[in-house]
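Here is a friendly walk through one protein model, looking at what sits inside and what faces out. Please keep the structure open as you read.

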Amino acid sequence: MPKFLVTRWHGMHQVWSFVLMVLMTLALSWYEWLLGLIGLLFTGSVLVYTILAERAFRRDLESYLGTLSYRVKKASNDVISELPFGIIIYNEDRAVEWHNPYITQIVGKESVIGCPLTELFPTLQQAKEREGSIEATVGSQVFELIFKPKERILYVKNITERWQLGKRYDEEKLALGVVMIDNLEEVTTGMDDHQRGTLLSKVTTEITEWSQKYHIYLKRLTSDRFLLITDQKTLKVLEQSRFIILDEVREMTGEQKIPITLSIGFAAGAEHIIELGQWAHTSLDIALGRGGDQASVKVGARQSFYGGKTNAVEKRTRVRARVVAHALRDLMKESHNVVIMGHKMPDMDAIGAAIGVMKAAQLFGKEAYIVLEGVNPAIDKMMELIREDERLAKRFVTPEQAASLIVPNTLAVVVDTHKASMVKEPKLLTQTDRIVVVDHHRRSEEFISNAILVYMEPYASSTCELVTELLQYIHERVVLDIRESTALLAGITVDTKSFSLRTGARTFEAASFLRRNGADSMMIQRMLKEDLEEYVRKAEIIKHAEVLYEHVAIAVTESGRKYSQLLIAQTADTLLNMTDILASFVIGERADGLIGISARSLGHMNVQVVMERMGGGGHLTNAAAQLEGTVGEVADKLKQVLKEIDAEEGLFE
């Protein structure tokens, strides 16, 4: 009971009032004793009445408070019993000590005292006790669990209706997609109008039936491009089906010399419809940049890829090469100088392509430099050849020297990669807005977004092939010396495994041009000669290889021993030559401490998809990744990824 209710008279004013009455009575009796006696009797009567009244007040107050306490206790019990949410008090072992009746309604039991919280809400088995809320499902109901760890109290709120409304809101959000026929022109070359129309009608009918099956609005934009409008719920279903339309169209046109393939770009989760449209076209660009015959889906920050089981179709027209060459020529003419960069741990393809771009810049009287820091075993013999020519050797600069050469009007050319993180010195790309990307890898989610000119052709065998074609159109008369042409041809030779993989007609045309300009094949053979000691080490790695899924070879090097990336890649190439091996993976610790994986296939398996899940990338038949950890941990992760892909869509085409 509050003190002020008992001690109602604050201060001494009541006492002083009686003292004053007594003094006045005494003063009155001084003049008239009879009046003083009457006053004294009156003062005593008032005092007695006051004491009796105070006692009566206290009795009434105590009686009222007793009744009020009973009423409050009864009301609180009724309120707790009828609360529209649950309350659980639990002990240190997270077992229920007390709960209100709402909890019994949830679990359908009269009492759950002593029952562990993880038994009531299985979601808590993966969640730690912390301040805040967790969503948990019990049957068909969804609950929000709010923890108060200090008091060991758990509040349980039913949010099923709100959750369903939120789910419906997310599912009904707009999703936009664009479907493009990758190679319509290439397939229909030589056909008459009737044959072309019949083939196109078949493909259009297949796409239309697919869109109707999944309740997608389909609008034809051009002869080879369609707009798709649907919601996120349907998009999830399409992802679960792994965009089966890709396989259906390819198989339907399988009788053609080159089957028709589709590329699909989908987007959802953007704040504005304009941004959503931009995402959809960007997704389509990524799908095309990765070689086509696949779907690229962007939902918020997530980018997913489906399909991509076939190799990119070689373009039969050189129109794009000529257009890009003319654009590159204009950029070089307008630039103060040119700085060329490859990827980290460059190979012969990166160095050869860089030399080709440097030659193009020199044709227009521009100073050109190649950024290179250190020499690795993959290019050691090539750099020995280059050092023999002082004019060529002095064009190689370190990243520090390159930083001092870059001015706002410098043209930066990135070759053999399109990822800023893969460039040896990414800071150089921030010093100029004039960036060109020339690459033959399938486009990944990470991309140098501010490039003003991008030439990416996944069908090409190598970046050296692309640069060789550009050289033929960039200037009327291009004359290469023996080392420049040999470096370009070496890049093509290495990436095609001596013209055995990913080799098209244009690859041989580029090689023919380089041979006419003096490329020395014997010099390339000397550069590609293997060291006997390394060959023995390679054989030791292969000796411990294991075969999974009947056709996948995985070789893991000894823990603690370091190997060059070149040796790891060569081992993967050698494994691929074994009988019944369709894909090979070699895992080894590199000199820089990272664990390197080289993946190779004969086209029946998309190793790029595998390496992307491991944090790397590459081509359908040639990919790699670099991870932290131990060789054993990386091997276990690779096997888990292979298991997931095999369960989702199968490893082989």
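## Isoleucine 340 and the cores

Setting aside neighbours within four places in sequence, isoleucine 340 is in contact (heavy atoms within 4.5 Å) with Ala354, Val357, Met358, Ala368, Tyr369, Ile370, Val371, Val413 and Val415. This is a predicted model, in which local features need pLDDT of at least 70 and side-chain atom pairs count only at pLDDT 80 or more, while totals for chains, interfaces and linings use all residues. Residues are numbered from 1 along each chain as its sequence is written, and side-chain values use heavy atoms, with hydrogens and water left out.

The largest nonpolar core has 59 residues, and Met332, Ile340, Ile351 and Ile355 touch the most other members. Helix α13 (residues 348-363) gives the most to this core, nine residues. A nonpolar core here is a set of buried Ala, Val, Leu, Ile, Met, Phe, Trp, Tyr and Cys residues joined through side-chain atoms within 4.5 Å. Buried means under 20% relative accessible area, exposed over 50%, and partly exposed in between (1.4 Å probe, protein chains only). Helices (H or I, at least four residues) and strands (E, at least two) are DSSP runs, numbered from the N terminus.

A second, separate core of 28 residues includes Ile207, Tyr214, Ile216 and Leu246.

## Helix α10 and its cover

Which residues of helix α10 (residues 245-252) are buried? They are Ile245, Leu246, Val249 and Arg250. Viewed down the axis of α10, the buried residues fall within an arc of 130° (taken from the directions from the helix axis to the C-beta atoms), so they line one face of the helix. Their cover includes α8 (193-213), β9 (262-268), β10 (294-299) and β11 (302-307).

## Leucine 41 on the outside

Leucine 41 lies in helix α3 and is exposed, with a relative accessible area of 56%.

Not counting residues up to four places away in sequence, valine 423 touches Met341, Gly342, His343, Lys344, Val414, Thr417 and Leu429. Its C-alpha atom is separated by 23 Å from that of arginine 329, 94 residues apart along the chain.

Asparagine 517 sits in the loop between α19 (505-516) and α20 (521-527). Asparagine 517 is buried too, with a relative accessible area of 16%. Beyond its neighbours within four places in sequence, asparagine 517 is in contact with Val478, Val479, Leu480, Asp481 and Ser485.
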